[in-house]
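Subject: Structure for your review

Dear colleague,

Please find the sequence and the structure below. My notes on what was found follow directly after them.

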Amino acid sequence: MMLRLPIAFLILTSAVYAQAHRSILLGQVTDRTGAVVANAPIKVKQKETNLQWNSITNESGNWEVPGLLPGTYRVETALQGFKSASVDDILVTSGRRVQVD
């Protein structure tokens, strides 16, 4: 019984440590007048691996993509009736929240 507690503790500690090095990209989509854009699809792509994550803006135009590893990312959005937009070369470092608007 005493041996199981340290093993469980090590597994839990490893999981917390791994999450601490993940980062979040977040932002808000607005139109040219400054009005928020709801339900806009967001694509986040890591340049080094070509892995892609998808999100969608909420009613306040906000979006968030958690769990990202350090690297360089591209964020893009395109919604019918609006001009598409993208931001390149977003540097994400370990354990950070990076705002992209």
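I begin with Asp88, which is partly exposed because its relative accessible area is 37%, a value that falls between the limits of 20% for buried and 50% for exposed. Please keep in mind that this is a predicted model.

The side chain of Asp88 forms a salt bridge with that of Arg74, at 2.6 Å from N to O. Asp88 belongs to strand 6 and Arg74 to strand 5, so this pair ties together parts of the chain that are 14 residues apart in sequence. Arg74 also meets the side chain of Glu76 in a salt bridge, at 2.8 Å from N to O.

Asp89 is exposed, with 53% relative accessibility, whereas Lys47 is partly exposed, at 40%.

An open sheet is formed by 4 strands in the order 3-2-5-6, with antiparallel pairing. Strand 3 (52-56) and strand 6 are at the edges and have a single partner strand each, so one side of each is left without a neighbour in the sheet. From one strand to the next, the twist averages 20°. Strand 5 and strand 6 pair over 6 bridges in the antiparallel sense, and Glu76 stands opposite Ser86 in strand 6.

Finally, the nonpolar core. Which residues have the most contacts inside the largest nonpolar core? They are Leu25, Val44, Trp63, Tyr73, Val75 and Ile90, in a core of 15 residues. Strand 2 (41-46), strand 4 (62-68), strand 5 (71-77) and strand 6 (85-92) each supply at least two residues of this core. Strand 4 gives the most, with 3 residues. Leaving aside residues up to four places away in sequence, Tyr73 touches several residues, including Leu25, Val44, Trp53, Leu68, Asp88, Asp89 and Ile90.

Yours sincerely,
A colleague

Notes. Residues are numbered from 1 along each chain as its sequence is written. This is a predicted model: local features need pLDDT of at least 70, side-chain atom pairs count only at pLDDT 80 or more; totals for chains, interfaces and linings use all residues. Side-chain values use heavy atoms; hydrogens and water are left out. A nonpolar core is a set of buried Ala, Val, Leu, Ile, Met, Phe, Trp, Tyr and Cys residues joined through side-chain atoms within 4.5 Å. Buried means under 20% relative accessible area, exposed over 50%, partly exposed in between (1.4 Å probe, protein chains only). Contact means heavy atoms within 4.5 Å. Two strands pair if DSSP finds at least two bridges between them. Axes are lines fitted to C-alpha atoms, for helices over the stretch in contact, and angles run from 0 to 180 degrees between N-to-C directions. A salt bridge is a side-chain nitrogen of Lys or Arg within 4 Å of a carboxyl oxygen of Asp or Glu.
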